[in-house]
Amino acid sequence: MYRTDNRLNYKQNNLNCIGNYNRLKHLRSNVYKTQKDIALDLVMPLRTYIQYENKSRSLNIQLLHTFANYFNTSIDYIIGLTDETKPHEKSIVEWNTKTNTDEKVVIKN
């Protein structure tokens, strides 16, 4: 039976959640590369990369991670949650055997 409710369909919801792709163009121009350069570096068809920049193709989390690493920024910046281009500090949690507690260790980029 077909459900009719207020939820967006998957494709529409996916596009709405990650939709600020013009940041890709901005990041690309900051490193003085062409769309073709980026596509070659990331081993993807040029047409596919162009579709990401033009918002005609949605990005999954793996691609967001790839782009964030490539441009040395955060996923939050790419999707428009922040205007800070620097990536977040990376941290890990280590078990402290002396106090038997978890301790957060920050690794500077």
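Modeller: A salt bridge is a side-chain nitrogen of Lys or Arg within 4 Å of a carboxyl oxygen of Asp or Glu. The structure is a predicted model, in which local features need pLDDT of at least 70 and side-chain atom pairs count only at pLDDT 80 or more, while totals for chains, interfaces and linings use all residues. Residues are numbered from 1 along each chain as its sequence is written, and side-chain values use heavy atoms, with hydrogens and water left out.

Biologist: How many salt bridges does the count come to by this rule?

Modeller: Side chains of opposite charge can pair when their charged atoms come close. One of the pairs is Lys-33 with Asp-41, at 2.7 Å from N to O. By the rule above, the number of salt bridges is three.

Biologist: Which residue meets the side chain of Asp-83 in a salt bridge?

Modeller: Asp-83 sits in the loop between H6 and strand E1 (90-96), and its partner is in helix H2, 60 residues apart. Helices (H or I, at least four residues) and strands (E, at least two) are DSSP runs, numbered from the N terminus. The N to O distance is 2.7 Å, and the partner of Asp-83 is Arg-23.

Biologist: Is Arg-23 buried or exposed?

Modeller: Buried means under 20% relative accessible area, exposed over 50%, and partly exposed in between (1.4 Å probe, protein chains only). Asp-83 has 66% and is therefore exposed. Arg-23 has a relative accessible area of 12%, so Arg-23 is buried.

Biologist: Which residues does Arg-23 touch, not counting those up to four places away in sequence?

Modeller: Contact means heavy atoms within 4.5 Å. Arg-23 is found in helix H2. With residues up to four places away left out, Arg-23 touches Tyr-77, Ile-78, Gly-80, Thr-82 and Asp-83.

Biologist: Within what arc do the buried residues of H2 fall, seen down its axis?

Modeller: The buried residues of H2 are Arg-23, Leu-24, Leu-27 and Arg-28. They line one face of the helix, because seen down the axis of H2 they fall within an arc of 140 degrees. The arc is that of the directions from the helix axis to the C-beta atoms. The arc asked for is 140 degrees.

Biologist: How far apart are the axes of H2 and H4?

Modeller: Axes are lines fitted to C-alpha atoms, for helices over the stretch in contact, and angles run from 0 to 180 degrees between N-to-C directions. H2 and H4 pack at an angle of about 115 degrees, and the distance between their axes is 7 Å.

Biologist: Which members of the largest nonpolar core touch the most other members?

Modeller: A nonpolar core is a set of buried Ala, Val, Leu, Ile, Met, Phe, Trp, Tyr and Cys residues joined through side-chain atoms within 4.5 Å. The largest one has 17 residues, and those touching the most other members are Leu-24, Met-44, Tyr-49 and Phe-67.

Biologist: Which helix gives the most to this core?

Modeller: The elements that give two or more residues to the core include helix H2 (22-30), helix H4 (46-53) and helix H5 (61-71). The most from any element is five residues, and the helix that gives them is H5.
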